[in-house]
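Please examine the sequence and the structure shown below. The report that accompanies them is written for a reader at the start of their studies.

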Amino acid sequence: MDDLVGLAVIVILVVVAGAICGLIAQVQLNRLKQEVAVLRAKITHLQTHKSISQSEPQSEASTAQAALSRSEPIAHKAQSNLTSQNASPPVINQPSAPPKKTKPAEASAIELLFNKLRAGFEQNWMTWIGAIALALGGIFLAKYSLEAGLLSPVMRLSLGGLFGLSLIAAAAYLHHKRIVFEGFNNYIPAALASGGFITCFALTLLAYSSYDMLSPTVAFFALAVIAISASAMALRLGPLLAVLGIIGAYSVPIWVSTGSGNLFALFMYVGFVSLSAALVAHKVQRAWLWYLLWAGHIGWYLVGFTLLKINTVWLMGTFALLSIIGLIAIPRLGLKLNVTEHRPHSLKRLINVLPDHALLLAFIAPLIFTMLISHFDMQWQTIGVLSIVLMLFLVLKNSRWDIWQAVALASAALLVISAERTHLSPNLFDNALFIFKNEYGLGLLLGLLLTAFGLYYGKKQIKRLAFHITGAFSVFVMIATLYTLIPNSALSTAYPLWAVVLFIVAAILIKCAQHNTTLFQRFTYWVGANANITLAITMLLSDSGLTIALAVQVLLISVLIKRYNVPMPHWPIKTLVAALLLRLTLALWTPSYDALTVFGLHWSIVVYPLCIALFFAAARCFDSSKLKIWLEGAALHCLALFITTETSYQLVGHYPQFDSLNFYEQILLTCNWLALGCVYLHRAKLAGTLAKLYQVAGFALAGLAGLFAIKTLLDDNPLFESLYIGELPIFNWLLLLWLVPAGLTLWLAKLVKPINAKATPFILAVAGGFILLAINSFIRQYWQGPYIYLSKGASNAELYSYSVIWLVIGAGTVIFGHLKNQLLIQKVGLGLLAAVIVKVFLIDMANLEGLLKALSFIGLGLSLVGLSWLFQKLRSRVN
């Protein structure tokens, strides 16, 4: 029963797909009929106009009337055809047609598509419903014969098969006699044939799964023959049967499985089906048939990896390479692969070669991935090398595939990495000749061969830039890959050979740069030579040397672009910078960098400032380019990393560990991230298209700083806990704890105001809270020393100092508000004064008696009177 349900689903999909294809074909036919009708009307009009100009004046009226009467049926026919498709009719210049004053509104694309589909369905709905009914009738007939037990199994299947064959024969007869339509629009024969083939397909499954009359092998081949026959008949009856044949043929291994796991038999069958489907798709000339073919072929190719064994690796690789030849090369280059193209193409055109790139990656990527996770042996090595050779061979045949050289180079690097994972042995480096063995010999050989390939064909086809890039960077990529794999203890043995190879290749590239004609070629060779020299120098340094070398490479490329005025696309430099920033970011949590030093100093003290300087220097090479903003952003990111990490390292001896930060690290991170958030938000004003990115980064850093500030306020507050804050007044940890964040928060409020004005009052309130905490803490630290927790109590002198200082601050705030004519600042100052008065009455004067109490009240009264006089004086000046 499940098999029948699956068949019914396939039937519906096939019929719907065929219906859409038929509607598209019908729409194209109607459009051609419209164009023919319009052309006939125009020809009639021209003939009429010519006869009018040559006739006598007395016969002009009768001639025009005759011409109009002759052209009226054709114009009417054209108008009716256009109306059936719901499209605007073209204007035909007839003598008696009045000029149109208004242009009718054109229908939208969705309305036109809906009207075309509706028109096609209205013309062929009986055909499609009949096809569905015939197919379902065959299935239900088989099901009924099974359940009712009216006839013997052989008789039931025979009658069902006779019914299906009769439908196929009727379809062939109708098509042969051309009774209905012609060509691929012969829908009724296609519908009859599809019902017949589906019936035969269902009966074969019944004979296999329900009656056990067929063995798995016989059922498999019977279903395959039915599917292939449907595809073959599609050459005569159209794409509907092609869909049925392709889907049916690829689904046969699902319906019938022998359980043997025979990968060779599966691939032989899939290859045969793909070959047949390719012939049908080529003959029928429908692009979506190719999509079905690719989906089925690649799907079974991926299934093959689940059946992969150690003795079938060669089969998997052979199938992948033959698939590339059969599905990509032959359709483009012909059966003999003799259709060549050597003209150069732009990078945009090379990237947009579809579906070739997608198909290549669909076959190569799973193969390389499986090689990386499997045990590397001679089979995988042979397959990897053959895949590289095949890609380079196809590049020589068609210049549209030049970008495949990059895929070949990446495959070579992954091939070396896979070999290293398998051949890794502690005794491998005891023999100095290890540099010529296993992955090290393979990597060096592949690098030299790819370089020779690029330089040789770059000289023969000088305008194809991809050859020059391959020749300039192959050795660099392969030796850089080996450099990342080799342990430091063995580098001293490999370095002399690698350095010599890099310097020789660099010399060759410099020589080639002097004899090339275009800027791109000279630029490519100069950059390649610099890359090789930089890598050779890098290997003398520690791990951070590679980071410095990459940053130097960014600067050298920028200088070369400015010097030679090369219109180079920005994405290669952006990619290099992004990789470098990723390396700089991850290095903080890489164990090998913990104790790394450069020139006797910890690596971050040297590397981060150097990269900042190199990025800013590279940015100066681009005056008004978006790349300048990108490089300046990279420099800011390095600055953020340097400030964030180095302050913590100098303080506690290690990089920030966010799950165990102490009080002082929290203070530093709060200041650092809040400052960097403000810098990013300020940078967003000049970032152009990157403004949104800078804003997101700025708000994220400010938010993280706020979280640390809240944590410090609630959990690690020196006012509540015994925390050492320093001996010196003002210049202690309180400065960074509250006063510096207060100033940065005021800056943040100014930056946020153009973005979100509603958030500004909240940020200003936070800044005011920081200022309040900072001033009170400074006063308390002056009286209490390095520990200011409140449980120690406070002397009268300390209490009076709070009043005096806040009285001065409040008065100054009011005066400043009057001078700037800022009502908000005046209100803040008055609020401070009111708070001071309340504090004086409730706290300061509570314990005073006698003369001291009287003098205190007199002093407070005189101060308030003096302030009132001063405010009136300032107000009169302003008015």
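The model is predicted. Its second largest pocket holds about 890 Å³ of space. Two or more residues of the lining come from each of the helices α8 (263-284), α9 (287-306), α10 (313-333) and α12 (356-373). Helix α10 gives the largest share of this lining, 13 residues. In total, 33 residues line the second largest pocket, and those nearest its centre are Leu275, Ala278, Gly326, Leu327 and Ile330. Sorted by class, the lining consists of 22 nonpolar, 8 polar and 3 charged residues.

Glutamine 405 belongs to helix α14, which covers residues 404-423. Which residues does glutamine 405 contact, leaving aside its neighbours within four places in sequence? The contacts of glutamine 405, with those neighbours left aside, are Leu392, Val395, Phe453, Ala466, Phe467 and Thr470.

The cysteines raise the matter of disulfides. A disulfide is a covalent bond that joins the sulfur atoms of two cysteines. The structure contains 0 disulfides. Cysteine 638 is accordingly in no disulfide, and the nearest cysteine sulfur, that of cysteine 611, lies 5.3 Å away.

| Residue | Relative accessibility | Class |
|---|---|---|
| Glutamine 405 | 2% | buried |
| Cysteine 638 | 0% | buried |
| Cysteine 671 | 9% | buried |

Cysteine 638 counts as buried because its relative accessibility, 0%, is under 20%.

Key:
Residues are numbered from 1 along each chain as its sequence is written. This is a predicted model: local features need pLDDT of at least 70, side-chain atom pairs count only at pLDDT 80 or more; totals for chains, interfaces and linings use all residues. Side-chain values use heavy atoms; hydrogens and water are left out. Helices (H or I, at least four residues) and strands (E, at least two) are DSSP runs, numbered from the N terminus. Buried means under 20% relative accessible area, exposed over 50%, partly exposed in between (1.4 Å probe, protein chains only). Contact means heavy atoms within 4.5 Å. A disulfide is a pair of cysteine sulfur atoms within 2.5 Å. On a 1 Å grid over the protein atoms alone, a cavity is a set of points where a 1.4 Å probe fits but cannot get out, and a pocket is an open set with protein on both sides within 12 Å along at least five of seven lines; lining residues have an atom within 4 Å of a point. Grid points are joined across faces, edges and corners, and a volume is the space filled by probe spheres set on the points. Ala, Val, Leu, Ile, Met, Phe, Trp, Tyr, Cys and Pro count as nonpolar, Asp, Glu, Lys and Arg as charged, and the others, Gly among them, as polar.
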